[in-house]
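Here are my notes on the structure you sent over. Have it open while you go through the points.

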Amino acid sequence: MAEPLLDVRNLSVEFHTLAGIVPAVRNISYRLDRGETLAILGESGSGKSVSSSAIMNLVDMPPGRIASGEILLDGKDLLKMTPAERLEVNGRKIAMIFQDPLSHLNPVYTVGWQIREAMTAHGTPRGEAEAETLRLLGRVGIPEPERAMGKYPHEFSGGQRQRVMIAMALALRPDLLIADEPTTALDVTVQAEVLALLKELQRETGMAILIITHDLGVVAEIADRVVVMEKGVLVESGTVREIYHAPKHAYTRKLIAAAPGKGDMHPPLARREPLLTVRDVRKRYGAFEALKGVSFDLAAGETLAIVGESGSGKSTLARVLLRLDEPDSGVAEWKGRDLFTLSPAELFRLRRDLQMVFQDPTQSLNPRMTVYQLISEAWVIHPDILPKSKWRARVAELLAQVGLSAEHMSRYPHQFSGGQRQRIAIARALALEPKLIVCDEAVSALDVSVQAQVIALLDGLRRDLGISFIFIAHDLPVVRDFADQVMVMRRGEVVELGDVRQVFDAPREAYTQALLAASLDPDPEVQAAHRARRLEPA
Amino acid sequence: MLRFIRQRSLSSLISLIGLLVLVFFLSRLTGDPAALFLPVEASAELKQQFRELHGLNDPIMVQFGRYVGNVLTGDLGESLRKARPALDVVLEAFTWTLWLAVITMTLVAVAAIVVGALAAFRSGGFFDRFASTVSLVGASVPDFWVAIVAIVVFSVHLAWLPTSGTGSLAHWILPVAVLFVRPFGIIVQVVRGSMIGALSSAYVKTARAKGVKAGPIIFVHALRNAMLPVITVMGDQAASLLNGAVIVETIFGFPGVGKLMIDSILQRDFNVVLAAILVTALAIFLMNLLIDLAYALLDPRIRH
């Protein structure tokens with residue numbers, strides 16, 4: 001067997017913190033051949049990013065420390081190199097792209113300058129680097145590369161920025177590209193394009209790709225082999241097919257089971273009296289039309305999923321319905337009253353019926369309030385709901401309802417995991433006994449396995465308490481097991497609105513079909529078929 | 001970019017007009033100008049004469065119009081003590097202050113940026129602790145105390161430098177050194193804080209992944225991003241120097257606008273006081289415009 005390109009042996013990385021030594025990665029080993037794609041699959045806290053940062057020498061030391069192991073690139077240990085030798089590896093031999101290209105590009109330099117620097121930093125003459133930058137930008141599919149070179153990162157879209165990052169990474173034709181969640185922040189259709197671009201470039205240059213991801217779909221789409229990590233330990237490795245069809249470790253099985261979009265869909269509901277009737281809502285910000293006439297009905301105990309990519313107007317719609325933003329025109333009839341014309345006093349009384357759960361619970365929960373304060377604050381604002389003597393008991397009840405316990409009451413948000421924080425946010429919304437909860441990307445920031453739990457929780461609340469949900473998401477599979485109706489939005493318009501089974505099994509509109517085709521399936525076979533279908537018309 | 005400059009100049013202009021109104025009415029509404037401008041023991045006839053001479057019996061709006069007209073033609077009245085146009089007196093002193101401010105701020109900027117950036121690069125290290133202590137002391141000590149101690153040590157005991165006045169290069173050293181201390185201390189702290197943020201940012205990680213060396217990472221990638229809050233504070237500090245470093249100028253007998261203002265107030269030379277206010281305000285407006293331009297130059301997102 002030939003020598004592998006990258007050979008990670010018994011790598012351990014630990015962080016020295018005030019609370020003691022935290023092992024981030026424990027004794028992991030994996031290898032990667034030339035031209036091969038290896039995925040590191042894991043959820044937050046699994047250490048998947050730390051191990052790749054160690055390869056790139058990006059672990060801050062201190063507080064980080066490589067406790068043991070070697071990282072062999074072409075047989076040479078990266079950890080034993082002199083600083084000068086090490087400086088020549090990054091960019092030239094190994095390059096890296098990251099999750100959020102906007103923050104990873106320097107905002108104050110042009111993209112042309114930044115790509116050129118990747119070459120000039122390693123001694124390429126300026127003129128040569130300039131010409132190569134132009135070629136690279138064209139190659140990764142940036143329109144008008146000549147003009148694009150003089151533009152700044154904020155002038156590009158998310159997908160284009162990631163293409164710029166790829167151009168920069170590939171400037172010196174590295175042997176290995178490390179991609180850390182490269183498509184997580186991107187729209188589904190853009191994600192498919194970027195992954196396709198990576199594969200194409202891999203064929204052209206013969207580079208190996210090490211892709212770090214939490215998404216089984218991404219693994220199925222791009223990887224040859226996969227290693228699964230949990231809490232800093234490598235629990236399983238194998239080819240993508242082996243891992244998907246015959247997972248050996250319990251954690252891998254759990255991950256695969258949690259992948260959304262495989263359960264039973266809700267049956268179509270009988271038509272009932274609508275609780276909320278929305279007609280022709282419009283909203284513009286300056287010259288930008290965010291909502292171009294949106295209409296739908298929502299009955300009690302029903303879940304409407306609104307799916308769309310960035311800029312589709314889905315979040316604007318949520319804000320307008322809750323009067324966090326004023327619409328320009330349209331009607332939203334709620335129990336016979338138009339939400340949009342209520343006076344502030346009427347709106348205040350109605351607020352308790354309409355609650356919202358936001359995407360990022362870290363930001364939506366005040367870090368200086370205890371769980372008890374966060375949840376009971378609702379009754380401070382609406383004192384008629386519950387006498388103060390019963391607050392403690394009710395908070396305990398609500399916490400139990402969302403799968404937490406009464407002893408969590410006196411803790412602060414930072415003492416919880418992301419999924420638990422979102423449960424607290426849900427308990428807070430429930431405190432006012434609302435009729436409708438609007439969830440704006442409420443599970444997008446959560447790990448897959450936690451996502452499944454939170455969705456199950458919401459579905460249970462709908463069933464038991466008869467609460468209606470408007471569930472906003474950018475990804476179709478997430479809403480499949482949960483929604484009654486699905487509304488697909490694009491550029492401020494409703495593209496398709498129908499029962500969940502109709503939208504998933506027989507989508508009428510080309511855009512819905514494109515969205516479905518672009519969303520990645522965790523099953524490598526299914527994903528291969530998707531890919532073939534995508535390539536067909538071309 | 002031109003549009004940006006035009007917009008900024010326009011909004012500065014509005015503030016300038018506001019200032020003009022304020023200065024005028026301050027001098028008219030704080031009491032009878034005749035009583036203000038003339039000595040206390042002046043006779044009633046003298047006051048009446050004075051009023052007629054300066055048109056103080058006209059309606060206030062007419063007076064204001066005349067005042068604005070005068071200001072626009074550069075006529076700010078005569079200095080009552082020096083029998084020269086007040087504007088000339090002020091501009092002469094202001095030139096001294098401007099030089100003092102420019103020299104001091106240039107030294108401060110270079111030193112504070114280098115020290116702050118290096119402290120941030122190895123934050124928590126020996127150099128960082130040393131720089132933090134020095135800057136904290138610098139930002140905290142009162143300048144009159146530093147000035148006096150400096151005179152005692154360098155002029156009286158060591159006799160290396162003159163105590164006050166102007167004339168040679170050596171005369172500049174103590175005022176510049178004393179004025180240097182506080183802005184340096186404050187700006188080092190701002191640079192350090194801002195650089196620590198910039199150095200831990202995602203784009204610096206990208207630069208390291210590209211194989212960029214430490215020097216360009218600090219001074220090319222991070223510094224330009226870290227400069228925005230630094231420039232704001234620098235503007236603040238420079239403004240207080242332009243206002244006339246009253247105490248330091250007085251202690252060193254430095255003929256700047258700060259000392260001129262104090263002298264003129266004591267001598268009731270109001271035309272000079274008003275002219276000095278207008279000139280320094282105009283200078284500060286111009287400097288704020290420069291700061292806005294510097295923002296736009298540093299950060300393309302502000303330009304759009």
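1. Start with R392(A), which lies over the face of Y372(A) at 4.4 Å from the ring centre. Keep in mind that this is a predicted model. There's a contact of this kind between chains, too: R224(B) sits over the face of Y109(A), 4.8 Å from the ring centre.

2. W96(B) is partly exposed at 30% relative accessible area, while F254(B) is buried at 1%.

3. F126(B) and F130(B) make a stacked pair, 6.4 Å centre to centre with 15 degrees between the planes. Both belong to helix α6 of chain B and are four residues apart, about one turn of the helix. F126(B) is exposed at 70%, and F130(B) is partly exposed at 48%.

4. Over in chain A, ring pairs tie F469(A), F471(A) and F482(A) into a cluster.

5. Now the sheet in chain A: it's open and antiparallel, with four strands in the order β12-β11-β14-β15. β12 and β15 of chain A are at the edges with a single partner strand each, so one side of each has no neighbour in the sheet. Nine bridges join β11(A) to β12(A), and R284(A) stands opposite E289(A) in β12(A). Helix α12 of chain A lies across β11, β12 and β14 of chain A, at about 65 degrees to β12(A).

Notes
Residues numbered from 1 in each chain as written. Chains lettered and ligands numbered in written order. Predicted model: local features only at pLDDT ≥ 70, side-chain atom pairs only at ≥ 80, totals over all residues. Heavy atoms only, no water. Pairing = 2+ DSSP bridges. Helix = DSSP H or I, 4+ residues; strand = E, 2+ residues; numbered from the N terminus. Contact = heavy atoms within 4.5 Å. Axes fitted to C-alpha atoms, helices over the stretch in contact; angles between N-to-C directions. Buried < 20%, exposed > 50% of the residue type's maximum accessible area, 1.4 Å probe, protein only. Phe/Tyr/Trp six-rings, centres within 6.5 Å; stacked < 30°, edge-to-face > 60°. Lys NZ or Arg CZ within 6 Å of the ring centre and 35° of its normal.
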